[in-house]
Amino acid sequence: MSIASPVFGGQPRSMSSRGTVVLEAIKHAILTGALQPGQPLVETDLAQQLGVSKTPVREALKTLAGAGLVTMSEYKGATVRTVDTALMESVYDLRLLLEPEAVSRTVQRGADLAPAADALRRADEAADRADRSLANRDFHRALYAGCGNPLLVSTLDSLRDQTALISAAAWSRAATWEREAEEHRGILRAAQSGVAAQTADLLRDHICRFVDRVNASGGLTPPPAATPDPTPDPSA
């Protein structure tokens with residue numbers, strides 16, 4: 001396991017800014033697969049790789065646990081969250097219930113859609129799966145952020161990192177991001193045209209199609225661990 005160490009340079013950084021850099025470095029490693037699902041996250045090892053003390057690493061892991069990217073256990077410590085089909089279906093089911101309505105309200109209110117167009121451009125120019133997944137996350141947020149209901153926005157925000165993790169896991173199995181980017185362009189065109197109902201319908205179809213594609217490719221459930229062969233080795 002290796003994480004690209006952030007460059008802090010010769011100038012001292014505040015604990016808050018250092019913590020942010022450490023948080024983003026670990027998040028990026030998770031979303032690119034440098035840190036694999038189920039992999040232990042040892043504070044001492046991460047701190048050494050990132051060139052920091054254990055304190056910002058510990059705080060970053062707590063934040064990532066709250067975002068659903070890391071699992072904390074009293075006995076096993078912190079591990080990268082395992083992505084499976086059940087998690088995907090739970091997250092996407094909630095998005096399906098809330099996000100189309102939020103986006104419809106954004107369009108009805110005539111909110112600024114420039115951030116969505118910018119996120120779509122960044123997704124097209126992304127250097128890796130993590131950058132693409134994060135840009136896609138920003139695209140969706142830009143479409144629902146103007147809905148006028150802060151609680152609805154906050155609820156959808158709470159799903160953003162898990163959605164990015166699921167996307168990265170799905171794309172590691174099948175590179176479907178070009179198809180999803182084309183769907184994003186259709187959603188944005190409808191939103192820019194001010195047709196709220198069509199925008200919501202296209203988004204609803206987009207969410208459902210992603211889940212259908214993942215399930216058609218075998219889902220995200222990890223294969224069962226191999227059972228050791230009980231037959232004695234005659235050469236032993």
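Colleague: What pattern does the protein chain follow, read along the sequence?
Modeller: In this predicted model, the order of elements along the protein chain is α-α-α-β-β-α-α-α-α-α-α-α. That comes to ten helices and two strands.

Colleague: And how many residues does the chain have, and what share of them is buried?
Modeller: The protein chain has 236 residues, and 44% of them are buried.

Colleague: Let us take the strands. How do strand 1 and strand 2 run, and how many bridges join them?
Modeller: Strand 1 covers residues 70-73 and strand 2 covers residues 77-80; they run antiparallel and are joined by four bridges. The two strands form a hairpin, with three residues between them.

Colleague: Which residue of strand 2 stands opposite threonine 71?
Modeller: Threonine 71 has threonine 79 opposite it in strand 2. Methionine 72, in turn, faces alanine 78 of strand 2.

Colleague: Turning to helix 4, how many residues does it have, and how far does it reach?
Modeller: Helix 4 runs over residues 85-108, which is 24 residues. From its first C-alpha to its last it reaches 34 Å, close to the 34 Å expected at 1.5 Å a residue.

Colleague: Where does the kink in helix 4 lie?
Modeller: The kink lies at leucine 96 and is about 35 degrees.

Colleague: What follows helix 4?
Modeller: Glycine 110 follows helix 4, and its phi is positive, near 65 degrees.

Colleague: What about helix 8: are its residues mostly buried or exposed?
Modeller: Helix 8 is mostly covered, with twelve of its 14 residues buried. Among the buried ones are Arg160, Asp161, Thr163, Ser167 and Trp171. In length, helix 8 reaches 20 Å between its first and last C-alpha, close to the 20 Å expected at 1.5 Å a residue.

Colleague: Changing topic, what is the volume of the largest pocket?
Modeller: The volume of the largest pocket is about 240 Å³. Its lining consists of 16 residues, and those nearest its centre are Gln36, Pro37, Ala169, Ser172 and Arg173. Helix 1 (15-32) and helix 8 (160-173) are the elements that give two or more residues to this lining.

Colleague: Which helix gives the most to the lining of the largest pocket?
Modeller: Helix 8 gives the most, with five residues.

Colleague: Now the cavities. How many are there of 30 Å³ or more?
Modeller: The count is one cavity of 30 Å³ or more. About 240 Å³ of space lies in the largest cavity.

Colleague: Which residues lie nearest the centre of the largest cavity?
Modeller: Tyr92, Arg95, His140, Thr163 and Ser167 lie nearest the centre, out of 21 lining residues.

Colleague: Which helices supply at least two residues of the cavity lining, and which gives the most?
Modeller: Helix 4, helix 6 (129-144), helix 8, helix 9 (177-192) and helix 10 (196-216) each supply at least two. Helix 6 gives the most, with six residues.

Colleague: And the classes in the lining of the largest cavity?
Modeller: That lining has eight nonpolar, seven polar and six charged residues.

Terms used:
Residues numbered from 1 in each chain as written. Predicted model: local features only at pLDDT ≥ 70, side-chain atom pairs only at ≥ 80, totals over all residues. Heavy atoms only, no water. Expected span 1.5 Å × (residues − 1). Bend = angle between axes of the 7 residues up to and from the residue. 1 Å grid on protein atoms, 1.4 Å probe; cavity = no way out; pocket = protein on both sides within 12 Å on 5 of 7 lines; lining within 4 Å. Points joined across faces, edges and corners; volume = space filled by probe spheres on them. Nonpolar A, V, L, I, M, F, W, Y, C, P; charged D, E, K, R; others polar. Pairing = 2+ DSSP bridges. Buried < 20%, exposed > 50% of the residue type's maximum accessible area, 1.4 Å probe, protein only.
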